[in-house]
Every structure is written in C-alpha cells, then in structure tokens.
Amino acid sequence: FKVENAIFSWAQLGIGLWSCLGAAYASEYVAWAQASEAARSFNGNWQLIGYKFSLAALVLFPPAFLAGAAFPAALRGLSHGKAFADGAGQAAAMNTLGCIAGSLLTGFLLIPRFGAWNALLFIWLASLAIGYRSLSPNWSGTPRRRQAASVLTVAAVGLGLYHFAQARRAYPF
C-alpha cells in the first residue's frame with residue numbers, strides 16, 4: 001500500500017468527518033462565537049474583522065488543510081511509473097473537472113432539489129466513501145464475505161453519522 005494512497009484516503013476521510021461534525025455542531029459554534037464576540041471590546045473595525053477571521057479559520061482551516069494534503073498525494077500517486085508531467089497533468093485535470101462538476105452538481109442539482117443541509121450531508125458522505133474506497137484499492141484475493149462485511153461496516157458508520165448530524169440539525173434550510 002502506497003503512502004500517497006494512505007495520505008489521500010485519510011485526508012478524504014478527515015474532510016468527511018470534519019464536515020459531519022461541523023454540520024452537527026454548527027448552531028452551538030455560531031452561538032458560542034456570537035457570545036464570545038459580544039463579550040469582547042474591539043478597538044476598531046480591523047480588530048473585529050481579525051477576530052471574525054480567526055473564528056472562521058477554526059472551521060475552515062482543517063478541511064482546507066486536508067484538501068491541500070490530498071492533491072499532492074494524488075499527484076504523487078498518479079506519477080508513479082510515468083513521466084512526472086503526465087501524472088501532474090492527469091491530477092490537475094481530474095482536480096479541475098472535479099471542482100467544476102462538484103460546483104455545478106451542488107449548485108444546480110443538490111441544493112435546489114434536496115436543500116443545503118442534505119446537500120452538505122451528501123457531500124461529506126461522498127468524501128467518506130472516496131476515502132474508504134481509496135484505502136482498499138485492491139480486493140483481489142479477499143473473500144467476498146470479508147468485502148461485504150467491510151462495506152456494510154462503513155455504510156453503518158456513515159448512516160450512524162448521518163443520523164447523528166440529522167438529530168442535531170439546527171439549520172433553517
């Protein structure tokens with residue numbers, strides 16, 4: 001198993017789990033952030049903006065960092081056995097197509113049809129599935145019973161996380 005695959009896989013799993021926890025605890029975080037801001041006094045708008053920036057960074061930095069780790073890992077994984085330029089081009093093309101397709105599908109299909117909350121949950125479930133699948137790229141020789149048990153376990157964990165987030169849903173949309 002290649003290190004690049006492990007980094008990519010764990011980064012995808014981390015993005016999915018962080019998104020799930022972010023969705024589940026969003027209302028508490030917003031309430032805490034508002035109370036924290038109200039309890040402080042700021043010397044001008046720039047200090048307030050810096051404080052709000054730090055609050056946003058607490059939420060946005062972990063998945064951005066993980067996504068940033070996933071791309072070079074995918075690049076290294078795709079470059080093995082090929083010229084680096086071929087691997088780099090393939091990774092960049094896949095990343096660009098994924099960004100375009102993800103934006104279009106999310107904005108024009110998922111959110112209008114299922115709502116922002118369910119779109120977010122679908123995206124983090126997809127990230128978990130991608131991470132899981134890339135952790136086990138070669139199942140040749142693995143008994144079908146073991147493959148099925150593995151898939152069912154991951155599906156059960158995903159559904160459990162989904163229900164956990166749904167039970168804590170506080171979004172109005």
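Gly158 lies in helix 6. Helices here are DSSP runs of H or I with at least four residues, strands are runs of E with at least two, and both are numbered from the N terminus. This is a predicted model, in which local features need pLDDT of at least 70, side-chain atom pairs count only at pLDDT 80 or more, and totals for chains, interfaces and linings use all residues. Residues are numbered from 1 along each chain as its sequence is written, and side-chain values use heavy atoms, with hydrogens and water left out.

**Gly158 and its partners**

Gly158 is buried, at a relative accessible area of 9%. Buried means under 20% relative accessible area, exposed means over 50%, and partly exposed falls in between (1.4 Å probe, protein chains only). Setting aside residues up to four places away in sequence, Gly158 touches Trp124 and Leu125. Contact means heavy atoms within 4.5 Å. Trp124 is 34 residues from Gly158 along the chain, and their C-alpha atoms are separated by 9.4 Å.

**Helix 5 against helix 6**

Helix 5 covers residues 116–135 and helix 6 covers residues 144–167. They pack at an angle of about 155 degrees, with axes 11 Å apart. Axes are lines fitted to C-alpha atoms, for helices over the stretch in contact, and angles run from 0 to 180 degrees between N-to-C directions.

How are helix 5 and helix 6 oriented to each other? They are roughly antiparallel. That term applies over 145 degrees; under 35 counts as roughly parallel, 65 to 115 as roughly perpendicular, and the rest as oblique.

By class, the contact of helix 5 with helix 6 has eleven nonpolar, four polar and no charged residues. Nonpolar covers Ala, Val, Leu, Ile, Met, Phe, Trp, Tyr, Cys and Pro; charged covers Asp, Glu, Lys and Arg; the others, Gly among them, are polar.

**Other residues**

Gln12 sits in helix 1 (residues 3–24). At 13% relative accessibility, Gln12 is buried. Apart from residues up to four places away in sequence, Gln12 touches Ala70, Ser127, Leu128, Ile130 and Gly131.

Leu66 is part of helix 3 (residues 45–79). Leu66 is partly exposed, at 22%. Beyond neighbours within four places in sequence, Leu66 contacts Ala11, Gly14 and Ile15.

Phe164 is in helix 6. Phe164 counts as partly exposed, at 32% relative accessibility. Not counting residues up to four places away in sequence, Phe164 touches Leu21, Ala24 and Tyr25.

| Pair | Separation in sequence | C-alpha to C-alpha |
|---|---|---|
| Leu66 and Ile15 | 51 residues | 6.5 Å |
| Gly158 and Trp124 | 34 residues | 9.4 Å |
| Phe164 and Ala23 | 141 residues | 9.9 Å |

**The whole chain**

The protein chain has six helices and zero strands. Its pattern along the sequence is α-α-α-α-α-α. Of its 173 residues, 23% count as buried. Among contacts with a separation of 6 or more, 71% join residues 24 or more positions apart. The protein chain exposes about 11,200 Å², and carbon and sulfur atoms supply 70% of that area. Accessible areas come from the Shrake-Rupley method with a 1.4 Å probe; for residues, only the protein chains shown count as cover.
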